[in-house]
Amino acid sequence: MSLFGGGFGGFNAGGRPSVGAAGRKGNGLPFAGVPSDLAEGVAKLEAREPDHGDPRVSFDPVADRGGRVTLGRLVAGRPGLLLAAVLAVLVETLLLQAGPFLVQVGIDHGMAGRDVRVLVGATVAFVAAVLLTGVATAVRMRQSGRLAASATRDLRIRIFAHLQRMSLDYYTSEKAGVTMTRMTSDVEALQSLLADGFAQFGIQALTMVLVTAVLFHYNAELALITLLLIVPPLTVASLWFRRAADRGYNRQRDTIAAMFADLSESLNGARVITAHNRQDRNIVAHRDVVGAYRDANDFTGRINAVYGPGTSAIGLLGMAALLLIGGRMVLRGSLSIGELTAFVLYLNSFFQPVQQLVQLYTQYQQGRAAVGKINGLLGTAPSVRPAPGAVELPPVRGEIVLADVTFGYLPDRPVLEHVNLTIRPGETIACVGPTGAGKSTLAKLVTRLYDPTGGRILIDGHDLRDVTLESLRRQIGVVPQEPFLFAGTLRDNIAFARPGASDAEVWAAVDEVGLRDLVERSPEGLQTPLHERGQSVSSGERQLLALARAFLAEPRVVVLDEATSSLDLRSELRVEAALDRLLQGRTAILVAHRLSTAMRADRIIVVDDHGIVESGSHEELVAAGGRYARMYATWAAHGTADHAA
Ligand code: ATP
């Protein structure tokens, strides 16, 4: 992250602004560079800024090309860090084995041999091994921590990029909380596995191999007896645990996702929940999902409680057997006391890894379950994607043709069937019809948020499927029913489709929709921060801001889903005036909820019974005496701008 963005001087190869040059050039003028007397301080501040580097992900609107996520690939992508971590693990493991050997030397040669120098030497070597182990551990933790942080950073960005490319149907079918879980808890499970789990796994596995070799070296017979007593029950227990843990950790991931989903819905719907006194019921519902999560945790807790102490007991029983068998060998003189002590200590360090591996297995399970879920997400292809070889849509005049279009959200429930419609360049079409008839659906098809299941939609003769999504959407401005404002400044929100727009252009858009007042009244003008989802502006202002956004994008085609919320007369007139200006000279599809809006269109289509049942100008349709005429009569009888449906 750079301190001053691009405004100050150029960027050097490392991605940081080259302040020195800018400072010299700027001569202390504001915005012309950093004043030379401040340059030193700025350079110091910059030096302290973390360099986040470039993530190894690129955005492709069609598909995620990163391949399946596997634990191996995550670590193998950073060979330098991996090598450093592996070396540290090797050194640490070897050093850890020095202890029992030095104890044996101390007992057999120092104590039994009555040689103080050996005793002191063994002790000093012991202390040195402990210190060196500390250093190796620190290096290992640092390297694997960096490895984990960098791998998961890339993964997070990759998941985010994938979410950006998903089509609308994904967001309507998948709960936001579940998606959030993939990004948070699942990635964190992986992070802790990579940061510590793998290195520990390496240490413990290597320790087991080394200890086995050492045990055989000390006394092959004793080693064989001990291992034969211990390994079979341990294997059976581990196989059982593996199966149970697989089930448990998958359940845990699913239930935590459900919990987050419920939580995020409650937070988003806080206003409605309070207004409808749903708090109690919501608590009960949340108690259920939390309960399911608790059950999943309970299950994993139970299996751990069986496996952990169970394997401990097997280990301790092994040690009891060792005391008897090894003790008899000492009595017979075929084993020294020092060797038996070392044997017991080594056996202990054979068991510690087994127990550690159990815990690591838990962590590994969580990581694997997380990888599975993440792959499920990354493997979901966006349903709306350009055909292979899609071309850039050249600047259009704005003719839109729906040719025999059929569409339904669910395969067996068509919303629109065999719809034919031609919209001339510059024509404004208003869609009216009863609630749920498919007006918004028609608008969504034209903006290619969904693809028709039958027929084609053409813009200036180009099938929407054959042009890139980006070039299509650049030329189609969408004003949704509920304009979404983002946390950011007023300017950010207006210039959403064209972040590079100049202040003059933003002000021009503000003037077009008559929001100068609002901006000037705001404490920091265009830079005034808006609250999340635009909670700090009124619903009329939100609509006007959405129109300003569309103005600034200068699209050839405007698709506008009229807001259903009623405005006071003055705001309504302002919105209508802004709308008239926006639609001038542009092809437009208005999903009209008010007949007063519909009447302004060049042509009105009535959507009902899965298709367009009437089409014509206001006068023609009234004269025809059909559904529109009846709607109009009802509306006129009420004498107000009532809902079109
Ligand atoms: P309104 O005037 O209330 O905005 P509309 O005519 O715009 O209604 P649409 O939003 O186009 O209606 O919806 C048409 C039908 O499709 C409705 O029956 C609706 O329930 C259904 N529908 C809309 N979105 C989805 C979805 N994501 N999944 C399944 N069905 C949907």
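**Close-up views of aromatic contacts**

At 4% relative accessibility, phenylalanine 407 counts as buried, because the cut-off for buried is under 20%. The model shown in these views is predicted.

**View 1. Phenylalanine 407 and tyrosine 450 form a tilted pair.** Tyrosine 450 is also buried, at a relative accessible area of 8%. A search of the whole structure gives 7 aromatic pairs. In the pair shown here, the ring centres of phenylalanine 407 and tyrosine 450 are 5.5 Å apart. Their planes meet at 55°, so the pair is classed as tilted. Phenylalanine 407 belongs to strand S1 (residues 400-407). Tyrosine 450 sits in the loop between helix H13 (439-446) and strand S4 (454-459). The pair therefore ties together parts that are 43 residues apart in sequence.

**View 2. Phenylalanine 241 stacks with tyrosine 307.** The search of the whole structure finds 7 aromatic pairs. For phenylalanine 241 and tyrosine 307, the centres lie 4.5 Å apart and the planes are at 15°, so the pair is stacked. Phenylalanine 241 is in helix H9 (residues 220-268) and tyrosine 307 is in helix H11 (residues 279-332), so the contact ties together parts 66 residues apart in sequence. Both phenylalanine 241 and tyrosine 307 are buried.

**View 3. Trp240, Phe241 and Tyr307 form a cluster.** Ring pairs link these residues.

**View 4. Arginine 251 places its charged end over phenylalanine 299.** The charged end is 5.4 Å from the centre of the phenylalanine 299 ring.

**View 5. Arginine 549 places its charged end over phenylalanine 496.** Here the distance from the charged end to the ring centre is 5.0 Å.

Conventions
Residues are numbered from 1 along each chain as its sequence is written. This is a predicted model: local features need pLDDT of at least 70, side-chain atom pairs count only at pLDDT 80 or more; totals for chains, interfaces and linings use all residues. Side-chain values use heavy atoms; hydrogens and water are left out. Rings of Phe, Tyr and Trp (its six-membered ring) pair if their centres lie within 6.5 Å; planes under 30 degrees apart count as stacked, over 60 as edge-to-face and the rest as tilted. Helices (H or I, at least four residues) and strands (E, at least two) are DSSP runs, numbered from the N terminus. Buried means under 20% relative accessible area, exposed over 50%, partly exposed in between (1.4 Å probe, protein chains only). A charge sits over a ring if NZ of Lys or CZ of Arg is within 6 Å of the ring centre and within 35 degrees of the ring normal.
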